[in-house]
2 protein chains.
Amino acid sequence: MLKRVIAVICDGLGDRPIPEFDNKTPLEAASTPNLDKFAAEGECGMMHTLGRGKVPGSDTAHLEIFGYDIATCYSGRGPIEVAGLGMELREGDVALRGNMGTVEDGMIKDRRAGRIRIVTPLCEAVDGMEIDGCTFIVKPGTAHRAGVIIRGEGLSDAIIDADPHVPDVPIRTVTPTDDTPEAKRTADVLNKFLVQAHEVMKDHPFNKERIAAGKLPGNYLLVRGAGQYKVVDSFKERYDLTSCCIAGGGLYKGIGAFLGMDILDVPGATALPDTDIEAKFKLAIQKINDYEFVFVHVKAADSLAEDGNFQGKKEFIDRIDKAVPILFDKPDDCLLVWTADHSTACEMKAHSADPVPIMFHGGSVRADNVTAFNERACAQGGYGFIVGLDLMPQVQNLLGKLHLVGA
Amino acid sequence: MLKRVIAVICDGLGDRPIPEFDNKTPLEAASTPNLDKFAAEGECGMMHTLGRGKVPGSDTAHLEIFGYDIATCYSGRGPIEVAGLGMELREGDVALRGNMGTVEDGMIKDRRAGRIRIVTPLCEAVDGMEIDGCTFIVKPGTAHRAGVIIRGEGLSDAIIDADPHVPDVPIRTVTPTDDTPEAKRTADVLNKFLVQAHEVMKDHPFNKERIAAGKLPGNYLLVRGAGQYKVVDSFKERYDLTSCCIAGGGLYKGIGAFLGMDILDVPGATALPDTDIEAKFKLAIQKINDYEFVFVHVKAADSLAEDGNFQGKKEFIDRIDKAVPILFDKPDDCLLVWTADHSTACEMKAHSADPVPIMFHGGSVRADNVTAFNERACAQGGYGFIVGLDLMPQVQNLLGKLHLVGA
């Protein structure tokens, strides 16, 4: 009987036929004998994560894969990102993620302040600022990134991004996107904060040192992705499973933190093509003794496809597969779930609505006739076509944790 | 990257096993090497157009295939048929289609006025009639057919057909099917119109000539299929695709017109078994340079099955396949979608709820292992089981026209 789970989510793993690969997808073209071994022993299917004809974002896809309906749990990327920075959210908070940028004479000179590597002193200088009854909580992220929480009464996430996403334009005044007084108030206090924070940061000693050293100062918070936090029940509350998150990318740590998973530190996990995949899988095998659900995220297939780099995507998948034998040592009572959050089509350099392969491996799984792990093979799989919200109920089912409907 | 679409819809193509065909369906029994070639190169699946266990009408099936939810867009066949006659609809109009029949002493003598071939002078004689604040707009269709729009305040489509669908019975007084004042008013004004129009037409010189020539006069409008028009966004507005319709049958031209497609004239397209299939496909190949979405409708498989003529259906499918190589010349960036609106079961001589095969062919499509285009083969297809409303989102997906949900 299965008792615990390793769930590996390979970002953007699915793709479309690549003419240079004789119309195979990168996953089909890659050498995946180890994934294929799992597939041959397991049960496969296809997943339209958010449903057919929907192009999933990475945030929304992961939420639904973990069983959290985005219709009620998701209102923007901000709350997930700030959770990933270890910031505590309260019901009604509006959370944003952002860059520390350089503004001169009201113009955005650089969106990342010359790729500033640390913004901690600047964030500390503006953290806790009070404006019109709202508190602004500001914490540093990796490199130029930061998280901002607006805490107060009567707020809304119906506001545009302060970040115009391009440099060499004037700073953008935040405006509401609906007619509610809450949206207007939120835009107003955020605009005041951005100006006052700029005043505080532009003359900060940390920036004076940077300027003296010929570097761009980090003096303006380019925030985006506003979302209003609604309390969600944690993964433990929902599934009665202890869980941890093994990821390099901030968003994925954020997903884990948002759901109350323990976020494990993995030296060498960079979320880039050079990431240490073996370190992640080794940690998963080690931690499956401590947690009932280990979420492992592997990022780079997505980023490579967003660059249109099908060869790089194929080679990264080759590398993933080489690390897969580490997972052969999972305990007999451990279910392996292997899937992707969405397809990223090299030809579009963007996420697509094409379904992704999914595989279940472990003792209680009904093995099917699929002998390879890829889009074409898994479309013939015994588990058929599912959506993201179908996944956790199947995990619960295999673990004997579902309740009877009726008698 | 795919940029344009030819969508071929073969009416009533699906069927059930035929004992005389060694329990093959007409599609399986037919010789379809060219469709099979497309299937081998493309991705296949099955479609329950309106959902499992629903028997689609041709009108409702086409609407959902084109992404228009019949729950909000459809209230009867009238608006679609009158759109196909080029009649302009306004929000709130009640539209009906009908036959010009022969009534004598209050009895329906013939439902098609002796298969009258032109009803234009008769329609013109009653077009624009005003009754109780309503205007009746009447336009001729092909042969004995006509379209009627009732325009005015406070109307409803909750009325029975005036056409009893059989001859040699008394003319039928239209009654409301619900208790609303709108339905009562609509039935009342329509009954007045039918009587007054009869008075005008029965003594019309055109009919006097017919009677003198020993022909039946067209003197009564046997109307049916009342529907109240609701404004729908056009195909162009919804999908940002220019589109045209290549069809012989009035209903299918009506579907195209209803959605704002350009209706192309195809000499030889009769909607009958003798229709010039090659002319349709040649026009599609020609027009795919001018339109991003070319809808081609082929009718007769449905009509033959409704006669129980499985041999004729098989032979018609043979003929379709012989014309398919014309489509081999579609541009590389052209997606071909090939499907049916519904199954028509020869054994029932009626539409059935059995799913229909569907095929996608073109560069970005994930080819699967299916090598024949028929019900049994496509049930193994890589695209799985879809409903009609899933089709256009997949077209948008393959054309890179969907928006991200999340970030």
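Student: What makes A:Lys349 partly exposed?

Tutor: A:Lys349 has 13 other C-beta atoms within 10 Å, and the rule calls a residue buried if 20 or more other C-beta atoms, placed from the backbone, lie within 10 Å of its own, exposed if 12 or fewer, and partly exposed in between, so A:Lys349 counts as partly exposed. Please keep in mind that this is a predicted model, in which local features need a pLDDT of at least 70, side-chain atom pairs count only at pLDDT 80 or more, and totals for chains, interfaces and linings use all residues. Residues are numbered from 1 along each chain as its sequence is written, while chains are lettered from A and ligands numbered from 1 in the order in which they are written.

Student: Why is the phi of A:Lys349 worth a remark?

Tutor: Most residues other than glycine have a negative phi. A:Lys349 is not a glycine, yet its phi is positive, at about 55°, and the residue is found in the loop between β14 (343-345) and β15 (350-352) of chain A. B:Asp132, likewise not a glycine, has a positive phi of about 50° and lies in the loop between β5 (129-131) and β6 (134-140) of chain B.

Student: Is B:Asp132 buried or exposed?

Tutor: B:Asp132 has 10 other C-beta atoms within 10 Å, so by the rule given above it is exposed.

Student: What makes strand β2 of chain B mostly covered?

Tutor: A strand here is a DSSP run (E, at least two residues), as a helix is a run of H or I with at least four, and both are numbered from the N terminus. In β2 (residues 43-48) of chain B, 6 of its 6 residues are buried. In a regular strand the side chains alternate between the two faces of the sheet. On β2(B) both faces are covered, with B:Glu43, B:Gly45 and B:Met47 buried on one side and B:Cys44, B:Met46 and B:His48 buried on the other.

Student: What joins strand β3 of chain A to β17(B)?

Tutor: Strand β3 (residues 55-56) of chain A runs parallel to β17(B), and 2 bridges join them, with A:Pro56 opposite B:Val405.

Student: How many residues of each chain are in contact?

Tutor: Contact requires C-beta atoms, placed from the backbone, within 7 Å of each other, and 20 residues of chain B meet this with 27 residues of chain A. On the side of chain B that touches chain A, α15 (388-398) and β17 (404-405) of chain B each give two or more residues, and α15(B) gives the most, with 4.

Key. Two residues are in contact if their C-beta atoms, placed from the backbone, lie within 7 Å. Two strands pair if DSSP finds at least two bridges between them.
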